[in-house]
Amino acid sequence: MITQRELAGRLLVEQGNLVAYDVDAIVNAANSSLLGGGGVDGAIHRAAGPELLAECRTLNGCAEGEAKITRGYRLKARHVIHTVGPVWRGGGHGEAGTLGACYRNSLALALSKGLRTVAFPAISCGAYGYPVEAAAAIAVNTVADLLVAEALLQQVHLVCFSKEIYDSYRKAFRARMSE
C-alpha cells in the first residue's frame, strides 16, 4: 500500500501541452476511426507526422472505452495510446463507466507493453461535452486507484489544456488526497 504522499508524487495534475510531454506514452482522446480529428486528436496527429495516420489505418478503429497503441513517431513520447471517450448524453447512458474504462484500459495497455510513464488529456471534456467536474473526479479516482494497485506505474500526468479544466482537475485531486 502506498501513502498519500507517494501517490501525490506519482499522480500529477498539470496545465500544459500534451504533445510536448516526454513520457513513455501520451493518450489520445481519439474518435472511433482513429484517423485524426479536432482538438487534442488533431494536435497529436499533426505533431507525430503522417506515419501515425498510416499506422492508425491498420488498427481498424476503436470502440468507446477501449484502447489501442501505436508508435509516437515525431513526438517526444515513444508511444500513443488511443482511446475513445463517451459523448455526453445526459449521464444516463453509461458515460461514467465508459470514461473510467478509457483510463483503466489505457493504463492496462501501457503496463502490458512495459511502459511506466503516461500522460492523459481531459478525455471527453472538449467536443464530446462531458461535464468537466464529473470527468475530473472519474479521471483522478480511476488513475489513483490504479496507481495504488500497480507499483510498476511510475508516474501518470493528467494534462489540462485550459485553466478552467486544470482548476476542476486540481479540485478533484485535492478531494482525493484529503480522503
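Me: Why is Arg176 called buried?
Reply: This is a predicted model, and in it Arg176 has 10% relative accessibility. Buried means under 20%, so Arg176 counts as buried.

Me: What makes the contact of Asp145 with Arg176 a salt bridge?
Reply: The closest N and O atoms of Asp145 and Arg176 are 2.8 Å apart. The cut-off is within 4 Å, so the pair goes down as a salt bridge.

Me: And what does that pair tie together?
Reply: Asp145 lies in helix α5 (residues 132-149) and Arg176 in helix α6 (residues 163-177), so parts that are 31 residues apart in sequence are tied together.

Me: Why is Asp145 called partly exposed?
Reply: Its relative accessible area is 43%.

Me: Is Arg74 buried or exposed?
Reply: Arg74 has 57% relative accessibility, and exposed means over 50%, so Arg74 counts as exposed. Glu51, at 32%, counts as partly exposed.

Me: What separates Asp167 and Lys163 in helix α6?
Reply: About one helical turn, because Asp167 and Lys163 are four residues apart in that helix. They form a salt bridge too, with the closest N and O atoms 2.9 Å apart.

Me: How many salt bridges does a search of the whole structure find?
Reply: Seven. There's also a network of salt bridges linking Asp22, Asp24 and Arg78.

Me: Why is the aromatic pair of Tyr103 and Phe120 called tilted?
Reply: The rings sit 4.8 Å centre to centre, with 40° between the planes. Stacked needs under 30 degrees and edge-to-face needs over 60, so 40° leaves the pair as tilted. Tyr103 lies in helix α4 (residues 95-112) and Phe120 in strand β5 (residues 117-120), so the pair ties together parts 17 residues apart in sequence.

Me: Are Tyr103 and Phe120 buried or exposed?
Reply: Buried: Tyr103 has a relative accessible area of 0%, and Phe120 is at 0% relative accessibility. Under 20% is what the label asks for.

Terms used:
Residues are numbered from 1 along each chain as its sequence is written. This is a predicted model: local features need pLDDT of at least 70, side-chain atom pairs count only at pLDDT 80 or more; totals for chains, interfaces and linings use all residues. Side-chain values use heavy atoms; hydrogens and water are left out. A salt bridge is a side-chain nitrogen of Lys or Arg within 4 Å of a carboxyl oxygen of Asp or Glu. Buried means under 20% relative accessible area, exposed over 50%, partly exposed in between (1.4 Å probe, protein chains only). Helices (H or I, at least four residues) and strands (E, at least two) are DSSP runs, numbered from the N terminus. Rings of Phe, Tyr and Trp (its six-membered ring) pair if their centres lie within 6.5 Å; planes under 30 degrees apart count as stacked, over 60 as edge-to-face and the rest as tilted.
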